[in-house]
Amino acid sequence: MSRPEEEFILTLSCRDTKGIVHNVSGLLYQAGCNIIDSQQFGDVQGEGATGLFFMRVHFEAPPHLADVATLENLFAHVREQFGMEARIRAAAQRPRLLLMVSQHGHCLNDLLFRWKSGQLPVDIPAIVSNHTTFASLAESYGIPFHHLPLVGGSDAETKRAQEKQIEALIESERIDLVVLARYMQILSREFCEQLRGRAINIHHSFLPSFKGAKPYYQAHARGVKLIGATAHYVTPELDEGPIIEQDVARVDHSLSAEDLTAVGRDVECVVLARAVRWHVERRVLINGHKTVVFR
């Protein structure tokens with residue numbers, strides 16, 4: 001039986017070519033490692049294929065190699081040989097999350113419950129909001145709540161001043177992932193670039209059909225039959241980042257606008273929780289404008 005401190009996760013991407021799996025698995029075998037789980041995908045077929053190869057390997061290392069720096073050094077030659085983007089992380093390491101929210105708390109409450117009940121293996125050192133609505137909820141979970149309002153308006157200069165406070169918090173708390181749990185503010189290009197690949201957003205899947213306030217009410221007025229949600233990485237292109245997870249729920253004419261909103265919020269919670277979990281388990285690799293998700 002392996003011990004958690006001896007388990008590691010290798011994720012890599014490179015140009016698809018022969019010998020990658022052989023060299024990676026062979027190196028681990030020769031070093032005395034035991035592969036617990038391995039998944040791979042080559043994006044080489046169809047229009048829009050990137051020609052890249054992706055791999056995730058969950059393995060156990062012998063005690064004398066059970067250190068990220070040692071394993072990175074061991075893997076250096078194979079990385080250079082194939083021009084890989086590769087990372088090795090300790091499986092037992094708990095990523096540190098910053099949760100951001102405005103005035104709709106369903107996703108925040110869901111993530112906090114999953115964390116508290118042990119379903120989400122992370123640490124949450126801070127919650128940020130531009131409102132005070134969920135300060136008491138954060139307090140009930142024993143998590144510091146940072147009220148960072150947009151003082152003086154919502155112009156670009158005011159937004160950047162507030163974002164810099166968030167950036168300072170991200171640095172001081174050593175945040176690995178920022179989760180926009182219905183944080184209803186458009187982020188600046190500078191902030192999005194700093195968070196590239198380590199910030200996840202959730203929104204309804206009506207876009208671009210129903211934008212702005214009360215999208216579920218707009219959808220009800222149009223008689224929609226499917227309600228969905230999309231979780232994606234944050235990029236400067238609003239709501240167009242690489243998609244991690246989506247889901248839908250069927251609705252009908254008997255439901256009110258309030259009912260549709262409730263159904264939609266349930267879907268948002270589930271989709272965001274899946275995306276966050278897959279990210280912290282190192283199952284998501286960015287493939288250009290897409291993602292590869294090893295479930």
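**Finding your way around**

Me: What share of the 295 residues of the protein counts as buried?
Reply: Keep in mind that this is a predicted model. A residue counts as buried when its relative accessible area is under 20%. Among the 295 residues of the protein, the share that passes is 49%.

Me: Why does the radius of gyration agree with a compact globule?
Reply: The C-alpha atoms fill a box of roughly 60 × 45 × 40 Å along the principal axes. A compact globule with 295 residues would have a radius of gyration near 19 Å. The two agree because the protein itself has 21 Å.

Me: How many helices and strands are there?
Reply: Helices and strands both turn up in the secondary structure of the protein. The tally is eight helices and 13 strands.

Me: Which domains does the assignment give, and how far apart do their C-alpha centres lie?
Reply: The domain assignment gives domain 1 (4–90) and domain 2 (96–293). They do touch: 14 residues of domain 1 are in contact with eight residues of domain 2. As for their C-alpha centres, the distance is 31 Å.

Me: Last one: how far apart are the centres of the positive and negative side chains?
Reply: There are 31 positive and 35 negative side chains in the protein. The centres of those two sets are apart by 2 Å.

Notes. Residues numbered from 1 in each chain as written. Predicted model: local features only at pLDDT ≥ 70, side-chain atom pairs only at ≥ 80, totals over all residues. Heavy atoms only, no water. Helix = DSSP H or I, 4+ residues; strand = E, 2+ residues; numbered from the N terminus. Rg over C-alpha atoms; globule rule 2.2 N^0.38 Å. Buried < 20%, exposed > 50% of the residue type's maximum accessible area, 1.4 Å probe, protein only. Lys, Arg positive; Asp, Glu negative; His and termini not counted. Charge placed at Lys NZ, Arg CZ, Asp CG, Glu CD. Domains from an automatic or database assignment. Contact = heavy atoms within 4.5 Å.
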